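I opened my notebook and went through this model piece by piece. These are my entries, in the order I made them.

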Amino acid sequence: MSSMDSMRLQASIRLIRQCKTTEEERSNVKIISAQLRKGFADAKPYIRVRYMLILLYIRMLGYPTEFAHMEVLKLLSQTDFSGIRIGYLSLQLLFNEDHELLTLVENRMLAHLSINGSCQSISYEQLCLIGISLNASANIASEDMCRDLLDSILRLFQNSPQQLRSKAALAALRVVRKVPDQAGYILEHCTDLFDGNNESLMCVLTLVIECLQSDAGANMIGTFRKHAMGAVRVLKGLVLSSRITEADVSGITDPFLQAKLLHFMRIIGAGSEVTSEALNDVLAQVITNTDATHNVGSAVLYECVRTINAIESDGGLRTLAVNTISRFLSSVKDNNLRFVGLQTLLTYSSKDFDAVVQHQAIILECLRDTDLSIRRRALDLTVTLITANNVRLLVPDLIAYMSLCSEEMKSDVARHICDVIDTHYPSEMWRVDYSIRFLKVAKQFAPLDFARRLLVVLLSQTKDVQTRAVEALWEEASCPFDGRHHARKAFLMVALWCIGEYVELLLDAVKGLTGADVATCLSSLTTNTTFTLIKQYGLTALMKVATKCPDAKPQAMATFASNMTSMDCELQQRACEYTSLLVDFPQEAVFSFSQMPAIAPKTEAVKPVEVVTLTEMQLLQETTNTLDDLFNFDGASKPALLPPTRDSSSTMVALSSQAGSLFSACCDAPPVSQRAPSNANTFDDLFGNSNAVSVPAACESPPVADRNIKSELASPKGSRDVTGVCAFNCSDFKVLLSGRMEGSIIFADLVVQSNLNEAVEQLSFSVATLRMCTVEVAPLPSTMMPYGVATQQLKVDNTQNTANPRTLTLRVRISYAVHGAPREQMFEVSQTL
């Protein structure tokens, strides 16, 4: 290549393609680039075009060509058409929307777009020049350039031949996508939508639809509704036309234009009954006269059905649309058609549910399709069609389908079945029954949250339902441990909990079954499973069975012993604590693991706080009442003072004169019937919650100094002079609390005043405190005379309780016997000294 003028594109391509190595190619490209730099300096116009073509080829190979960007501007400034054409081509290939040099090109583009305004007759060369200018403005114009060029584009859109009108419409389409706020301005120039011929209607409809769907053009939908009859006229002519044109595809006249017209009708007909009424007839004609044997006809029918679903069409037309789209499901050749049909029916089910339900049989057949996407969509549609009337028929089919479907489908099927059972169950017994059936089949795909919700439901059921459930679970769980149990985590969780909770019902229902057999089965499941959560449930279930069935205790102790050395801290702690409870505290273990009460769901919503304006005196009174009720805020009856009798009056006077008492005079509170909130939740599980009551607050009087309360064996009922806070009151006795602090040690006395005219025997106190504290219980006489008084002295080390060092928190259980019949009372104490 000795001369620059002799450089040809073909020769450059041949030279580069003959290179055998990358280094050789780069070397030749550098040589050619150097020659181009030198040749661009003083090249003639036709030579510059040749050099630019070579430069574009180098650009296509990925090599830098920034040195020739200014040559693009020189090409656009030439007077010959070939140079301008190559200049616009280079502009679109070498530049992008963010390039700084585009501002230098804008004037040339405006000049080329304005040729139509200065000439009445346009030559073919000028027509092509305007076309490539529109093409360049649509492809690389920036947002600012779009605003500057928009007027010229719209002028061409209104006053140009059909070829330029189509190009101008497409250029305006690109502009509205880059500058959405100009959609309304563009729509103002599209008012003669159906006045001309249909040659450029396709591009103009695309532009109008894009503008109407933007936020700036949405307010002009009402203006374009007047074009409904024009759209009907054009669409009816296409549907009923017998002419054969170049735009026909498989016997359908211009299907692309029909789809655009239907899309336009869908926009203008939405929310307007008058416009929808004008569109109903032509939509019915489209459905009845379109051949759906080919994909082209199916596409037109799909757009027509979407339009019917979007506008305010009548019921008969909607039914016709559903019947039409349901025929897509019977297509065995095209899976895409079946998927589109299922998706459309899924969308349509929210508006015309009854019409879609009629095709339920063919929807169920799609569940057996070989295509995974079709099976997923058919599953979604099947679940959508489930109601309270057909849930008894469809849920068994879904459970059976889950055992047959592929592995990738089982997680979706399990999720849908859980939602259906939780939301559409006809009765509680049906819900429990099919939940257990589902857990048996679902294996590892059953969610744990569903299993937990089932346990909550079982707690509120009758004994018959609980017996039926635990018997069904035992039948499956008692099988030898195999691979099925390894995968069924949710089922094992429910089975272990129910067998441990309702073991008495299970033993009564299954003849010949003993507690030892149940413990052996639970021990096998706990030992062989690999899930730590199931092991935890298994140990707790064994503990429940051991406390209810004495013959199960040896097997439970053996399982606990094997888990005492477990590497899992939770399993080790449970095993040690359960063993200690069974050996050292058998009565407490029976009480702690008794049957759980039903969990009542909260139905009342939280009410908003009312804004009340109070005066200063009213606010002071309300504040006083709130402080008085600080420990009785949950609505329980407020402790009331005894009426001032002669004996009690003298007692109150005597108490007020003493300065060594810790608490104010006792209030004789009525028995507390429900448990109030307490700060002692950290030891709630020590004795159980069934009989626990909350301690009322101290009576509303200022605390005084410490006082020692001594025991009295026998005293007339009306003359006892014992002081302290009323901690508990029942028909048998009343408990008063008094105490004092020495550093971080609290010395407290629980004084029991008997209300019985008979002796109380086997009197004993069981006291628990916070885990961070320790309590020492002094010896107590086991017998209390009629109307007698007994004092239990306590020493609580509150050193570790740094948050509330002066708060005494206890849970107390008093066990006693009257005439040999054992009785028990439990209450809580939370008092600040």
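Predicted model: local features only at pLDDT ≥ 70, side-chain atom pairs only at ≥ 80, totals over all residues.

I looked up Arg813 and found it standing opposite Met826 in strand 8. Strands here are DSSP runs of E with at least two residues, helices are runs of H or I with at least four residues, and both are numbered from the N terminus. I count two strands as paired if DSSP finds at least two bridges between them. Strand 7 and strand 8 are joined by twelve bridges and run antiparallel. They form a hairpin with two residues between them.

**Entry, ground rules.** Residues are numbered from 1 along each chain as its sequence is written, and side-chain values use heavy atoms, with hydrogens and water left out.

**Entry, the turn.** What is the phi of His819? I read a value near 55°, which is positive in a residue other than glycine. His819 sits in the loop between strand 7 and strand 8. His819 is exposed, at 68% relative accessible area. My cut-offs are under 20% relative accessible area for buried, over 50% for exposed and partly exposed in between, with a 1.4 Å probe and protein chains only.

**Entry, the sheet around strand 7.** I then followed the other side of strand 7. Strand 4 is joined to strand 7 (residues 807-818) by seven bridges, and the two run antiparallel. Ser766 has Arg813 opposite it in strand 7, and Ala768 has Arg811 as its bridge partner there. Together, three strands make an open antiparallel sheet in the order 4-7-8. Strand 4 (761-769) and strand 8 (821-832) are the edges, each pairing on one side only. On average, neighbouring strands of this sheet are turned by 15° against each other, direction ignored. Those angles use axes that are lines fitted to C-alpha atoms (for helices, over the stretch in contact), and they run from 0 to 180 degrees between N-to-C directions.

**Entry, burial of strand 7.** Why do I call strand 7 largely enclosed by the rest of the structure? Because twelve of its twelve residues are buried. I also sorted the directions: Thr807, Thr809, Arg811, Arg813, Ser815 and Ala817 point one way. Leu808, Leu810, Val812, Ile814, Tyr816 and Val818 point the other way, and all of these residues are buried.

**Entry, another positive phi.** Gln762 has a positive phi of about 55° although it is not a glycine. I placed Gln762 in strand 4. Is Gln762 buried or exposed? Gln762 is exposed, with 56% relative accessible area.

I found five strands in an open sheet with antiparallel pairing, in the order 1-2-3-6-5. Its edges are strand 1 (725-729) and strand 5 (774-777), each of which pairs on one side only. Neighbouring strands are turned by 25° against each other on average, direction ignored. Strand 1 pairs with strand 2 (residues 733-742) in the antiparallel sense over four bridges. There, Phe728 stands opposite Val735 in strand 2.

**Entry, cysteines.** How many disulfides does the structure hold? I got zero, using a cut-off of cysteine sulfur atoms within 2.5 Å as a pair. I also looked at two cysteines. Cys19 is buried at a relative accessible area of 15%, and Cys773 counts as buried at 7% relative accessibility.

**Entry, whole chain.** The protein chain has 37 helices and eight strands. Of its 833 residues, 48% are buried. I took a contact as heavy atoms within 4.5 Å. Among contacts between residues at least 6 apart in sequence, 68% join residues at least 24 apart. The chain exposes about 41300 Å², and carbon and sulfur atoms supply 53% of that. The areas come from the Shrake-Rupley method with a 1.4 Å probe; for residues, only the protein chains shown count as cover.

**Entry, confidence.** I checked pLDDT, the predictor's confidence in each residue from 0 to 100. The protein chain averages 81, and 83% of the residues score at least 70. Where does pLDDT stay under 50? I noted residues 630-720, for which the model has 179 contacts beyond four places in sequence.
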